[in-house]
Amino acid sequence: MKSAPPIKVAWFVWGLGALFYMIGFFQRVAPAVMTEELMRDFNIGAAALGNLSGFYFYSYVIMQIPTGIIADTWGPRRLLTLGSLVAAIGILLFALAPHIVWANIGRFLIGGSVAVAFVGCLKISTNWFPPRYFAMVSGMTLMAGLVGAILAGTPLRLLMNLLSWRTLLLASAGVTFIIGFSIWIFSRDFPSEKGYADIRGATPAPKKRSRSQLIRGIFVVFKYKNIIPLFFVPGGIIGSLLTFCGLWGVPFLKAHYNLPTHQAAVLTSAALVAWGIGGPFFGWLSDRIKKRKSIYIAGYTVALCGCGMIFFIPGLPLPVLTAALILTGFSSGCVILTFAFAKESVPIALAGTISGIMNMGHMVGPTLMQPAVGWVLDQKWGGTLVNGVRIYDLSSYQAGFTLMILWVALSLGCLFFTRETGCEQRA
């Protein structure tokens, strides 16, 4: 009789995918600490910068549904390996770009390739861990990604005092190549491929399906009651958090709290650290009390209040501002419940497909919000330039951030149309 895989082996296999997800998150938020350099090197304004950052999300969103299908058919090993190698090529292109067009193409390749990372990690979680671990491992995956976001904050900014942003991105491309080859060598789709017993309840080895069957699987998941509202829920808070911490938060804090770049990056990184801690916490709490909906609503409500305070109450004392950012980031960790909530609402055979669809819902927020806020900033710009970089006043930022608050409020409303699963998997 074969035994189930030791938990440390499961964590190792998951960890390789999580490293790739960490790189993807690093690339996602890195522009936040290099806004001045990018605007100066490519001679662009806020709208073009928002679009450059947004190219990551355009391809990321496009790839989510096919990623879920491929995860159910190819398996996570091949998916994560190929994604890592393409991501490394995209990072190289972005780092060497002589013009904004090439930079956009590089960001597009990065976003489309790292789009497979989170879904691949969730698929590994389904195949390698007992079902009771799913919400917690989802939260740990988010935490791994946020480690990448933290590295793209103050550490990256300090390194930019020594090396150019292009040199640092070239180094990250090399790391991504290494991760891709490591996944191919050491990872496997199922425990049985390493000599262990497969996890009970894991998705069975997939059979080849026709194109029509694959496409039909996409539409099938939307027939289940919770899926449509859950698709729209996470985009509000994810869009706001990544638009603020991943792009406009550092220049906002520099301009209106007179903070140096590295200190502003510390504050936005603190919110992301809190987000990383909040994810596993909400996953653990939800699993423990066997509730999804009520926990999600409570976290979302606190996040909405925190965003309103940060965006629209000027001149907050630094300790209060810091506390508000940390609380908002921590409560935003509730979005990790989307994946467990949605997975339990459909048959287990659709685990990869539903993960891709839900991840697409997550990324719709920053995909639309980053360029939209940039466009509003340019419309409200008063003409002030410092060293060739546009400076925006408080009213400009508040006008742009209003879009985020409205989306968060609408997303919270969608939660009330879901039905509690009680942490029980649908047959």
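Predicted model: local features only at pLDDT ≥ 70, side-chain atom pairs only at ≥ 80, totals over all residues.
Me: Why are α10 and α11 called roughly antiparallel?

Reply: The axes of α10 (residues 227–257) and α11 (residues 261–289) come within 7 Å and cross at roughly 160°. Angles over 145 degrees count as roughly antiparallel, and α10 and α11 are therefore described in that way. The crossing in which α10 passes α11 is right-handed.

Me: Which residues make the contact between α10 and α11, and what is its make-up by class?

Reply: On the α10 side the contact is made by I238, L241, L242, F244, C245, G249, V250, L253 and K254, and on the α11 side by T261, A264, A265, L267, T268, A271, L272 and W275. By class, the contact of α10 with α11 has 13 nonpolar, 3 polar and 1 charged residues.

Me: What makes α5 roughly antiparallel to α6?

Reply: Helix α5 (residues 100–128) and helix α6 (residues 134–151) have axes that come within 10 Å and cross at roughly 150°. Because roughly antiparallel begins over 145 degrees, α5 is placed in that class relative to α6. α5 passes α6 in a right-handed crossing, and the contact is made by F118, C121, L122, S125 and T126 of α5 together with F134, V137, S138, T141 and L142 of α6. That contact has 6 nonpolar and 4 polar residues, with no charged residues.

Me: How do you know that α12 and α13 are roughly antiparallel, and what is the hand of their crossing?

Reply: Helix α12 (residues 293–312) packs with helix α13 (residues 318–332) at an angle of about 150°, their axes being 8 Å apart. With the cut-off for roughly antiparallel set at over 145 degrees, α12 and α13 therefore meet that description. α12 passes α13 in a left-handed crossing. In this contact G299, V302, A303, G306, C307, M309 and I310 of α12 meet V320, L321, A324, L325, L327, T328, S331 and S332 of α13, and the residues divide into 10 nonpolar, 5 polar and no charged.

Me: How do you know that C245 is in no disulfide, and why does C245 count as buried?

Reply: A search of the whole structure finds 0 disulfides. For C245, the nearest cysteine sulfur is that of C307, 9.0 Å away, whereas a disulfide needs a pair of cysteine sulfur atoms within 2.5 Å. Buried means under 20% relative accessible area, so C245, at 3% relative accessibility, counts as buried.

Me: Why is the sulfur of C423 too far for a bond, and what makes C423 buried?

Reply: The closest cysteine sulfur to that of C423 lies in C334, at 15 Å, and the limit for a disulfide is 2.5 Å, so the distance is too far for a bond. C423 has a relative accessible area of 15%, and since buried means under 20%, C423 is classed as buried.

Me: Why is N43 called exposed, whereas K290 counts as partly exposed?

Reply: N43 is found in the loop between α2 (35–42) and α3 (46–73), and its relative accessible area is 71%. Exposed means over 50%, so N43 is exposed. K290 sits in the loop between α11 and α12 and has 46% relative accessibility.

Me: What is the phi of N43, and what is the phi of K290?

Reply: N43 has a positive phi of about 55° although it is not a glycine, and phi of K290 is near 60°, a positive value in a residue other than glycine.

Note on methods:
Residues numbered from 1 in each chain as written. Heavy atoms only, no water. Axes fitted to C-alpha atoms, helices over the stretch in contact; angles between N-to-C directions. Helix = DSSP H or I, 4+ residues; strand = E, 2+ residues; numbered from the N terminus. Parallel < 35°, antiparallel > 145°, perpendicular 65-115°, else oblique. Left-handed = near helix turned anticlockwise from the far one by under 90°. Contact = heavy atoms within 4.5 Å. Nonpolar A, V, L, I, M, F, W, Y, C, P; charged D, E, K, R; others polar. Buried < 20%, exposed > 50% of the residue type's maximum accessible area, 1.4 Å probe, protein only.
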